[in-house]
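Work through these exercises with the model open beside you. Try each task before you read its solution.

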Amino acid sequence: MDDESWDSSRIAITFVPIGLACLALAFWLTCWGPKFDLVWCCYDCCTKHGEDKKLGPLRMALVPQATGRVLEIGAGTGKSLAFYDPAKVTHITLLDLSARMLDQCRPRIDHYARPETVHLLQGNAEGLPHTIAADSVDTIVSMDVLCSVAHPDRVMRECLRVLRPGGFLYMAEHGRTSDMGCVHVALLYLASACIWPFINVSYTRDIMAIVRSSGFFVRSHKEAHTSTYTSLVLQKPEPLQLANGAVNHQPEPFQQQQQQQ
């Protein structure tokens, strides 16, 4: 065997098993892996640019509007905690599927004005823990959640169930927006294919289609031209509005307000 053939064989022997191992790891992560438990230690660092330029301003605009008993789903490392108004909020439950991510919330809780009102809860937003009763929450906050769950429609149903009638859901989600071109959408599919096996994030979901079929009133809807983010303020209908079919025929105060940013 000449030197060139030997080098090729050595490369194959070295890298083929590595490639197969990577494929096996990606498959395991996609089906059964711990997802965000893998990135808890570097999550804030890795998302700093997006937080500063895209999600951060939306978080700053939405979270201070929360009032009463608050449930934040997909709370992650607790970045929203700095923006809650202690004078308007009586209790905050930070819920996340990853225990390691919730551990990162603790230093932020210590710096919150009323740390005794903040509770950490590990759980799945697609099936909220039984400790959260129906109609028991005044406000729900959701930042980058629908893009990272297997069944976003289930998340919306759970939010509708636990919110009190007239309660608000404040959301900032990234996905397809109405003004995206084909090239932009294709790039989103490529990015999603690369990142999905590790943390199950999809950038290609039609957030407005999910919201419109959820049973919520859309009080505010803003799409950012320069990013994939959509900012939403949703409200759970009152029983009288449900009886009158107001979800399907929204009265004037609840008409969708699509504003381009």
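Predicted model: local features only at pLDDT ≥ 70, side-chain atom pairs only at ≥ 80, totals over all residues.

Residues are numbered from 1 along each chain as its sequence is written, and side-chain values use heavy atoms, with hydrogens and water left out.

**Exercise 1. Describe the chain as a whole.**

Solution. Begin with the elements: the chain has nine helices and eight strands. These are DSSP runs, numbered from the N terminus (helices: H or I, at least four residues; strands: E, at least two). Next, take burial. Of the 261 residues, 44% are buried. Buried means under 20% relative accessible area, exposed over 50%, and partly exposed in between, with a 1.4 Å probe and protein chains only. Last, take contacts (heavy atoms within 4.5 Å). Among those with a separation of 6 or more, 70% join residues 24 or more positions apart.

**Exercise 2. Find the largest nonpolar core and follow one of its residues.**

Solution. A nonpolar core is a set of buried Ala, Val, Leu, Ile, Met, Phe, Trp, Tyr and Cys residues joined through side-chain atoms within 4.5 Å. The largest one has 27 residues. Leu71, Ile73, Ile140, Met156, Leu169 and Leu234 have the most contacts inside it. Elements giving two or more residues to this core include β1 (68–73), β4 (137–143) and α6 (152–162). Now follow Ile140. Beyond its neighbours within four places in sequence, its contacts include Leu71, Ile73, Cys159 and Leu169. In general, nonpolar side chains tend to be buried together in soluble globular proteins.

**Exercise 3. Is Lys236 buried or exposed, and what does its side chain reach?**

Solution. Locate Lys236 in the loop between β7 and α9 (239–243). Check its accessibility: Lys236 is at 10%, so this lysine counts as buried. Then trace the side chain, which reaches the backbone oxygen of Leu163 at 2.6 Å. Leaving out residues up to four places away in sequence, Lys236 also touches others, among them Asp135, Arg161, Pro165 and Phe216.

**Exercise 4. Which residues form the aromatic pair?**

Solution. Rings of Phe, Tyr and Trp (its six-membered ring) pair if their centres lie within 6.5 Å; planes under 30 degrees apart count as stacked, over 60 as edge-to-face and the rest as tilted. Phe168 and Tyr170 form it, 6.0 Å centre to centre. Their planes are 20° apart, so the pair is stacked.

Key
Polar contact = N/O pair within 3.5 Å; in protein donor to acceptor, adjacent residues only side chain to side chain.
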